[in-house]
Amino acid sequence: MSNWNTKDLITTDKQFVWHPFTNMPEWCAPEHEPIVIVEGHGAILRDSRGREYIDGNSSIWTNIHGHNHPRINLAIREQLERIAHSSFLGTTNPTAIELAREIVEYFPPKTLSRVFYSDDGSTGIEAALRIAAQFFHMRGEKRAVFVACRSGYHGDTAGAAALGAAKMFSVDQEGWRFPVRTVVSIEELEKLSRGQSDEVAAVVIEPMIQGAAGMRIWPPGTSTAVRDWCNRKGALMIADEVMTGFGRTGKMFASEHENALPDIMVLGKGLSGGYLPLAITLTTEEIFSEFDGSVADGRALAYGHSYTGNALGCAAARASLAIFREENVLENLQPKIKKLDSELRQLRGLPGVTEVRQCGFIAGIDMDDAEAANEVCRRARDYGLLTRNIRIVLMPPLCITDGQLERAVSALTEAICHAARQPEGCASVRPGLAAASPSEVAKS
């Protein structure tokens, strides 16, 4: 382990860095010591003071196969020896070409067949919205309204934020919005009048489960019902699989559970295995074929980014897909999903816990007090578990071991009991945990 000057790093961070979704006065307070992550292996992260933590939220839901996976590392090194990046505007590269083919092969023929690259989930959604709106404009149809689901989150760029993030985080600003209608259920969607539905370009949904809303699971049949509504009303269905893609729900893509294939699918986060920023917006050939002209005549997609089709990101993504194929990741995940279910049962009935939800390898825990939930996330760090301290979410890398999974839930148990000022409740659930040190909790 290298020697890190933690004090100097933190001082410099507080002087120069602006962190996302962070109350900076609290962050910069003299008494606050941020965790400085310097190393990761598998499901374990290590900080500059040598403390170890289970990566309980997969580094904001991105990491799939663990940190420092030798196959992804090698793929990036080999690509780096050739070239790191070249423009995708007017040229192409072999790695992006092959990744596009491999992604399309996951879907039935004549369905999702075209790949548009961008940098992250937000820009992938942004591309999806632009594609849908321009698609109908070029067809001469006055469809410019998007339907989003209440509490949905689709990113922070202006267009994506208009679908829900702006209101969710109280940053809605006049001039950012474009026509969006929010519904809370399929029943509300069905109540739209004929005139209202005729204006809809697309319905945007996180299939199976809403992420930033607190891991809210949709009733069974929701995706199928959205697909049916779009078919009947002539609108497009956009599936935001930025969080749910790549095994998180137990299948490669959440849309597979109800066989509700969208017209447009957005992939990000785990696409590169959690290594590099990369996103994909998949569309059907019918949609793509409408873009049959030039930018000048308004029949080409005038949208893109400097790092579109980045070779290093695509190399990491190809290696991640190879791991899925050759290491039986989805098959090996099924007993871990059952193990997670078994472990989560001990959280039900703990003081302050109101609900525990699980969808595949994703778990959300609700408490009766928001500040108590934040305290649980903060205190869990003392027992070797890192989670994002907004809501209690457990979504570790798919490579996590059974022992690490047990310790992750044990850390939550301990933190919940202490947040409720009832530490004696912990010993009855997991005897001996209170005596464990943070490093003992984290070690594999």
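Reader: Why does Glu-33 count as partly exposed?

Author: This is a predicted model, and in it Glu-33 has 37% relative accessibility. Buried would need under 20% and exposed over 50%, so a value in between makes Glu-33 partly exposed.

Reader: What makes Glu-33 and Arg-51 a salt bridge?

Author: Their closest N and O atoms are 3.8 Å apart. The cut-off is within 4 Å, so the pair qualifies.

Reader: Which parts does that pair tie together?

Author: Glu-33 sits in the loop between α2 (24–27) and β1 (37–41), and Arg-51 in the loop between β2 (44–47) and β3 (52–55), so the bridge ties together parts 18 residues apart in sequence.

Reader: And why is Arg-143 called buried?

Author: Its relative accessible area is 10%, and buried means under 20%, so Arg-143 is buried. Arg-143 pairs with Glu-141, with the closest N and O atoms 3.4 Å apart. Glu-141, at 29%, is partly exposed.

Reader: Which residues do salt bridges with shared partners join into one network?

Author: Glu-33, Asp-47, Arg-49 and Arg-51.

Reader: How do you know that Arg-139 and Glu-286 meet in a salt bridge?

Author: The N to O distance is 3.6 Å, and the limit is within 4 Å, so they pass. This pair links distant parts of the chain: Arg-139 is in the loop between α6 (121–138) and β5 (145–149), while Glu-286 is in helix α11 (residues 285–290), 147 residues apart. As for Arg-139, its relative accessible area is 36%, so it goes down as partly exposed.

Reader: How many salt bridges does the count come to?

Author: By the 4 Å rule, 29 salt bridges.

How values were computed: Residues numbered from 1 in each chain as written. Predicted model: local features only at pLDDT ≥ 70, side-chain atom pairs only at ≥ 80, totals over all residues. Heavy atoms only, no water. Salt bridge = Lys/Arg side-chain N within 4 Å of Asp/Glu carboxyl O. Helix = DSSP H or I, 4+ residues; strand = E, 2+ residues; numbered from the N terminus. Buried < 20%, exposed > 50% of the residue type's maximum accessible area, 1.4 Å probe, protein only.
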